[in-house]
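Welcome! Take a moment to turn the model around, and then let us walk through it together.

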Amino acid sequence: MKIIHFGDLHVWRFTPVWSELYYPKRWLGPLNLLLHRSKHFPPAYRKAALDAIVKEKPDVAVFTGDFSSFSLTSEFQEANDLFAPLRELLGDRLFALPGNHDCYTPKAYRNQVMEKMLPWVHSEAVSRLDLNEKVSLVGVNHSVPFLISSNGRVSPESQTQLKATFEQLKAEGRTVLLAGHYPYVSPPEFPEGKDHKLLGDQEFAEVVKQGAPAVYMHGHQHIRWALRSALTPDTLCLNCGSVAMKHERADKQAGFLSWSQQDDGTVDNLTAHTFNGKNDWAKTPLSASLRELPGE
Ligand SMILES: [Fe+2]
Ligand SMILES: [Fe+2]
């Protein structure tokens, strides 16, 4: 079964939301866009990325959040249009989760802007999709709005539901692949900032350890990596990086991951696809960069 994992598309529009200007992110965000994001996320990269993924003809595609930059209706509309060919190819085997930028402000979150525009995204706390008679995909949504920071939060409800889902899948004797937006472990050279991390990450890691999924797919830090941590020794942690960011470093430049998923949980042919900025995507094996990190 060929899986593609991608995320952090970050469609952006420079549209001030006048009714929410009292809210710091509503002017901090566009200011940041003006200074950085418009340069780092060239609009032409988005379609190139979705075209490349469709061309790979995956059996399953997992998107781990951040469709938008500011949770604007116009940003979600563009994301919906960009995803249409992949949705046509895969149906519900395109499994997508929200990121923190898809619930950018409390108002956008309350008004369920993303859910209305992208009703096919799994915004429930925990979701499950059976991929075949042996393998199941589980999604966990930790994305909530914060005043200024880009944190996520592990809720008691999501923990309880996740534990119950893992137990059920274990009873059914199934292999589990887990997906979420935020890392719970990152390489020492890329530590998560306190304003960017998943709050409750260690508690989440404890539940992951018990559930022992074969893979944990995430994004949020826009860097591609593959690692194993002593916190969760049974689980291969994969960060897909951003699918649409422009950067001189190959592991930050627009790209995605693909691999061949075996029913017993084995990941074969793990490959990083990296955009050359024009019309080609380099394919590099990623297994060589596997790292064994000690538990913290
Ligand atoms: Fe992101
Ligand atoms: Fe994010």
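## The chain as a whole

Of the chain's 296 residues, 46% count as buried, meaning that 20 or more other C-beta atoms, placed from the backbone, lie within 10 Å of a residue's own. This is a predicted model, where local features need pLDDT of at least 70 and side-chain atom pairs count only at pLDDT 80 or more, while totals for chains, interfaces and linings use all residues. Residues are numbered from 1 along each chain as its sequence is written, and chains are lettered from A and ligands numbered from 1 in the order in which they are written.

You can find 7 helices and 15 strands in the chain; these are DSSP runs numbered from the N terminus, with helices (H or I) of at least four residues and strands (E) of at least two. The C-alpha atoms fill a box of roughly 50 × 45 × 40 Å along the principal axes.

Next, look for the open sheet of 6 strands, with mixed pairing and the order 3-2-1-12-13-14. Two strands pair if DSSP finds at least two bridges between them. Strand 3 (94-96) and strand 14 (281-285) each have a single partner strand, so one side of each has no neighbour in the sheet.

Strand 1 (residues 2-6) runs parallel to its partner, strand 2 (residues 60-63), over 4 bridges. Here Ile 3 stands opposite Val 60 of strand 2.

Notes:
A residue is buried if 20 or more other C-beta atoms lie within 10 Å of its own, exposed if 12 or fewer, and partly exposed in between; C-beta atoms are placed from the backbone.
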